[in-house]
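Biologist: I would like to learn how to read a few features of a protein model, one after another. Could you take me through them slowly?

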Amino acid sequence: MPISGLVVVFETSETLDDLAIERLASHPAIEVGQRQLDRVAVVVDSVSNEQDIEIWEWMRRLPGVSDIKIAFVGFDDDNKQGDVERGDTNQNAAKQDGLGEHCGTI
Amino acid sequence: MDLKRRSLLKSAAMAAAGSLALSGKNTALPILAAENDLPGGDDLTWNKAPCRFCGTGCHVQVGVADGRVMAIAGDKAADVNKGLLCVKGYHVGGILYGQDRLTKPLLRKDGKLHEISWDQAIDTIAQRIMQAPERFAFYGSGQWTIPEGYAAQKFMKGGLGNNHIDPNARLCMASAVTGFLATYGVDEPAGCYADLDRCDVLITWGNNPAEMHPVLFSRVTDRRSRGEQVKIIDIGTRRTRTTDAASEYLEMKPHGDVAISLGIMHLLIANENYDKNFVKQHCNFRGAEADTPTLQGEAITEDEFRTRIAKYTPEHVEQLSGVPADKIRMLGDLFANRDIRITSLWCMGMNQHTMGTAINSLVHGVHLLSGHFGRPGDAPTSLTGQPSACGTVREVGTLAHALPGGRVVANAEHRQQSEAFWNLKPDSINPAPGYHTVKMFEQFTKATAAGGDIDTIFVQVTNPGQTLPNLNLLFESKKGLEDKFLIVSDVYPTATTELADLILPAAMWVEKNGMFGNSERRTQQWFKMVDPPGEARDDCWMTIAIAHRLFELGHAGMKDRDGQFIFAVKDDQGAEIPIWDFEHYYDTNVDKHLFEEYRQFTTMKHKNLAPYDVYVEARGLRWPVVEQQDGSWRETKFRFSGFDDPFVTQGQEFEFYHSTSGDGRAQIWFHEYAPPPEVPDDEFPFWLCTGRVLEHWHTGTMTRRLAPLNRAMPTAYVEMHADDALELNIRQGELVTIESRRGTAELPVWIDGRGRPARGSVFVPFFDETKLINNCTLEAHDPFSKQPDYKKCAVRITKLAKVTS
Amino acid sequence: MIWQRVTTIFLVCVICLAVVGYFVGLNHVGPNSLSEKSAGLPTDSSTPHGSHIVDDNGDALEHPKLIAAITYSEIPQAAMGPTDKFRAVAKSLPEQTSYDLFAEFKPSQADKEASGRIRASRRAYNGAPPIIPHAVQSTTDAACYACHSNGTQMAGLKASVMSHQFLANCTQCHASPPPTPFQNIDSEVATSFVGLPAPHEGRRAYPGAPPTIPHSQWMRENCLACHGGPNGWAGMESTHPWRTNCTQCHAPSAVLDQAIAADFIPMLPPLDVVNP
C-alpha cells in the first residue's frame, strides 16, 4: 500500500488552473497540497502497486501535465519485511545515477 | 495497518512534495527533459569566440541552434589552447541562461525597484551627469571589450573632461603595469605563451596556474607526459595543485618574495656569475629616490647596487622569507646557468602586494641580471585574470591617469594627440589624473558634506560590492546617503546591485560583438551570435546613448570641433546612422568603427594593431602587428628581441626602445625589503590570504549559475592547517567566524582541503556572494600602482558557538 | 500508576544523558586530520588504525583481529573497511570479464537508452567533458589513470575508458564532486540552458550503408572507449568488433572535427562540351 509525495508539473502556470486542480482532487486516492506557479504537490495513497501505476499514468495523461516529480515514496506493506522509505537524499542519489525519474518506485 | 503511521507517512509525503513544489527547482536535469526533436551536432552553426573568463584567452567554438548556444568546443585552430579548455571554458555557454537574468531597467524608488523604460533610464543618467559632470565617475573592468572601454574612455576624458574613470583591474594587475613601466618604460610582457613550450625551468611566484590558468599550466605538464624534462619550482605561502606538480616547493612567509628575489640577485653579484655581457650592453641600475620615490627612480652605479644588495645574503633572506638558505643558493645557481631557459609566472600573488611595483621590478631584475631574457623560454611573464585586462585596461588605458595607446593625461603632448585623434577642441582633456578605485569609492561613500565629491558612479561589467577590499568602509557605507546614486549595468543580480539605485540589464559575451586582449598581447575578435534576453542591451550602446542624450541636452563636450556628435557613425552616403537608438545599433558594426579609430593611438608605443577585418580571420594576433610588403600582417612573439621584433634596430640582438633612461636599456631595480603593513599579533593571530578556485571565476556571478561547476564547489570555505584546527578545537566543516580589524565573515572550515596553508595562515576564496571575505581584507595599497593587498592581513578565527552566545 | 510515572521519568533521564553525552563527545574532540598520517598506506603497526594489545611490560603487541575503538565524532573521518594488515599487502584486481573480439553482438535498445541517460546526466551537452560521478580525494592524475586508462569493473561498478590520449591534469576539464565537508550543501542552480543532446545515430546514405560518425572525434579518438571492449557502454557497442579500423567505413564530420570547413566542395568547372 504505497504512499507517495509527488509534484505535478504543468506546461505553464496558465494550464495549472482551478479546473486542473479539481480534476486531480476528484480522484479518491489523491490529496492535493500546496501550489506554486506551474506545479502542485500531491499525495497518492493507493491500495496496491498496480493502482499506483494506474494513477501515475492517469495523471500523466491529464491535459497540461508535462512532468511528475517524486519527492517521497513510502512502501507500507504489512506482509513484507519492514518499510522502505525514500526521501530527498535518496532522490539525489538516484539522480546521480542518471535514473532521475522513474526509479522503480511507482 | 496502523492508521496513525499511515497518516504520519502521508503528512511526511505532503511535506516533501510541498517543499519541492515551492522551491520551484528543476530537479530533472535539463538534458533529460530535452525533446527528441532537438538538433544534432551537424545542425549547429559553429563560430569562434574567445572564452569569457580569465586572461589566458582560449578560443572556443560556439555551437548555436535556434538562436541559443547549445554546445562549446575547444578551438583546434587556436594557438593559445590548441583545442583544449578548462572546466569553466567547457561550460561557458551556460552563463547566458541563468534563470534570474536581468531583463528590464530597474529604478529604486522609496527602497523598492520599479521597472522603467530604457528611455527613462538613459535620461535619468544624463540628467544626473548634466547637473554635475565633475561629480560623476565611471567604474569598469578588464571584462569591458576593447570597443566598450574605448567608448567609455572617450566619453569621460574627451567628452566630459572628467578623469574619474577606473577599472577593477586596478585591484588586479596595476602593479604589473607599474613593474613593466619602471623596468622597460612600456607595459606588457615581452615574451608569450610559446615560452612555456621551451622553458627548462618554470618558477611560479605566489601563483597557482594549475587552478587559475589551467590551460597554460597543462601546456607545461603535458610536455612532461611526452617525456620532456621540465623542472617546476613553486614559491608560495600555501600548498596548491600547482605544488602537487612541482619538483620543488619553497614555502615562504608573506612578503618573502621580495627577500628571495633580492637574495638571488645578491648571489649572482657575489658569485660574479651574472650575465655581464647582457647587463653591460642592455641594462642600467636603478634605485628609489630617498625623499620622494617615483616610478622612474634614479640611476645608480653598479657599485652602488652591489653595496645595497650586499646584506641580502642567503642567511639573511632565510630569516626574512622563511625559505632555507640552501634553497636560495639553489635558485641562485639555476639563474647563473645560461644553458637552461627559465620562465617565471606570476599573477595576483605579486600584484596584490603593498610592494607590488617593487616585487614586479625585482623579478624582472633577476631575469635581466642573469640574462634569462628574450630567448624563447627565458621570460619573466605576468599573467592576467580578466579576458581583456591587457586589451582594454592597459592598452586602451581606461585608468584614471591614462589615455589610449600608453599615453597619460598629465602629458600635454599626449593630451594634444588624443584631442587631435578625437577631433576635439583644444584643452578638452583635463590634465589632472582622476580618482583611482579605492579613492573613487572612498569619495562616493563619504557624505557630501564631509567632502565626498563623487555622487554618481556608473558601474559596468564588474561587481565592486564583492571585490573591493574592506567592503564595510568602501561600499556598505553608501547606505543611507540619499544624494548618492549608484548605477549598475549587469547580467545578474549581484552584491553590487543590492545597493544600486538604477540597474541596467546588459547583453553579454556572444550576445554582442566584441574584442578582447589577452595576457600575451593577443587581440581577439568575435561576432554576436544570439540575441540577449528581454530588454538587455550592449554596454557600449549604453555609453553612446547617454552621450547622445547629453548631446541633445546641449552638453558642449559631446560635440567635436565641427559640432558633430563625438560618436557619430556615417554610412556610405555620408548620412549619420542613429546608433544611439538601439533599433539601429546593429545597422552597422559599431565595434569596427570604434576599433579603427582607436588603432591610430597604438603606434606611439609600438603596440601597432592590424585592421579589424584581419582579426575577423584570425584566432587573435599578438601586437605589434605590422603590415608586410606582400600586404599580409605579421604578429610579434618576442618583443625587444632582434630576431623577432620588427622595431629593434637592424643588427641589434636586443633593444629596449622605450627605455626610461632613453638609451635603449632596461632598468635593474634595487628595492629595500619592507615588512607587510599588517602582521598577525596576539589579538589577530592568523594570516588571511584570499584568492580563487578552479571552478569559479572571480565573484562567481557567472560560474555559480553553471550546474557542473556549482556542484564541484558549492560554497566558499576557510582552508586551515590541521594542527591549527586541532588547537582551536574546530572540526571539519564547522562554521567559524573570521574577524579582522575591519569586519567579519562566516565560513565553513575545510581542513587540509584542496590547498594546504602553512600553520598560522588561512585561505578563503572570494567567489561566494553569501560569504563576503572582503569584509575583512585590507585597503592598504602599493604607493605607485594603488593596488590593494588582498593576500595578507591579520585575522582571528572563532568558533561560531562562542560568538553567538 | 506511580511506578509507571517513575519508569517514564527514569527513561527520560537516560535518554537525555545519552543525547547530552553524544554531543559532548562530539564537541570535545578535535579534528581528525586527513593529512599524510592517514592518507598513505600503513607501513608499520603504529598507525592510528592499528590494533594493539598491551602486554605486562607495557609493550604493544599486534593483534590482527582487534580494531581500536574510536569516538562517535571520529566516525565520519575514520577509515572504514579493510584492516591495515589487509591493506598493507598488495592485491590484484578481480579478474576482468573476458571480451571476445569475434563474438557477434546484438546491442539492445533498452541498454542503449539506459546508457544514454547515464551519460547525459553527467555532461552539460554532448561533447562536454563528463563530470566525475564519484568521490575523489587524490589530486594526482596517476590515481585517475589507474582505473580509467583501460577501464575496469569491480563490485558492480564500472570505470569507463579514457576516450582521449593521456593529458596531465584531469580535473582541469572534469569537474569533481563537492568536497567531502560540503557534500550536503544544496548546489542546485536555476538555469534554462539546454545542452546539445547526444545523437541517436549517424546518417546512412542508404539502408545498410555504414552510418557517419555523428559526433566530433576530437578528444574521442579511441572509439573502443565507448563502442566496444569489455568496458564500453552497454547498447552502444559495435556489432562487428573484429573490424578494428572504424574510420575505414564510418566517415567523420569535417565540421564537428573542426577540419577545414568549406561551404561548398571545391570542384573543377564542368566540362565544356560543344553540341554538334
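Biologist: Which residues touch the most other members of the largest nonpolar core?

Modeller: In soluble globular proteins, nonpolar side chains tend to be buried together. Here the largest nonpolar core has 251 residues, and those touching the most other members are Ile487(B), Leu688(B), Val718(B), Ile738(B) and Val764(B). Such a core is a set of buried Ala, Val, Leu, Ile, Met, Phe, Trp, Tyr and Cys residues joined through C-beta atoms within 7 Å, where buried means that 20 or more other C-beta atoms lie within 10 Å of a residue's own (12 or fewer is exposed, in between is partly exposed; C-beta atoms are placed from the backbone). Helix H23 of chain B (residues 539-553) gives the most to this core, namely nine residues, a helix being a DSSP run of H or I with at least four residues and a strand a run of E with at least two, numbered from the N terminus. A second, separate core of 25 residues includes Ile68(A), Ile70(A), Ala13(B) and Leu20(B).

Modeller: Please keep in mind that this is a predicted model, in which local features need pLDDT of at least 70 and side-chain atom pairs count only at pLDDT 80 or more, while totals for chains, interfaces and linings use all residues. Residues are numbered from 1 along each chain as its sequence is written, and chains are lettered from A and ligands numbered from 1 in the order in which they are written.

Biologist: Is Asp768(B) buried or exposed?

Modeller: Asp768(B) counts as buried because 21 other C-beta atoms lie within 10 Å. Asp768(B) sits in the loop between strand S32 (761-765) and strand S33 (793-799) of chain B, and, leaving out residues up to four places away in sequence, Asp768(B) touches Gly700(B), Thr715(B) and Ala716(B), a contact being two C-beta atoms, placed from the backbone, within 7 Å.

Biologist: At what angle do the axes of helix H11 and helix H15 of chain B cross?

Modeller: Two packed helices are described by the angle between their axes and the distance between the axes. The axes of H11 (residues 256-270) and H15 (residues 325-336) of chain B come within 9 Å and cross at roughly 60 degrees, with axes fitted to C-alpha atoms, for helices over the stretch in contact, and angles running from 0 to 180 degrees between N-to-C directions. That makes H11(B) oblique to H15(B), since angles under 35 degrees count as roughly parallel, over 145 as roughly antiparallel, 65 to 115 as roughly perpendicular and the rest as oblique.

Biologist: How many residues of chain C are in contact with chain B?

Modeller: On the side of chain C there are 53 residues in contact with 68 residues of chain B.
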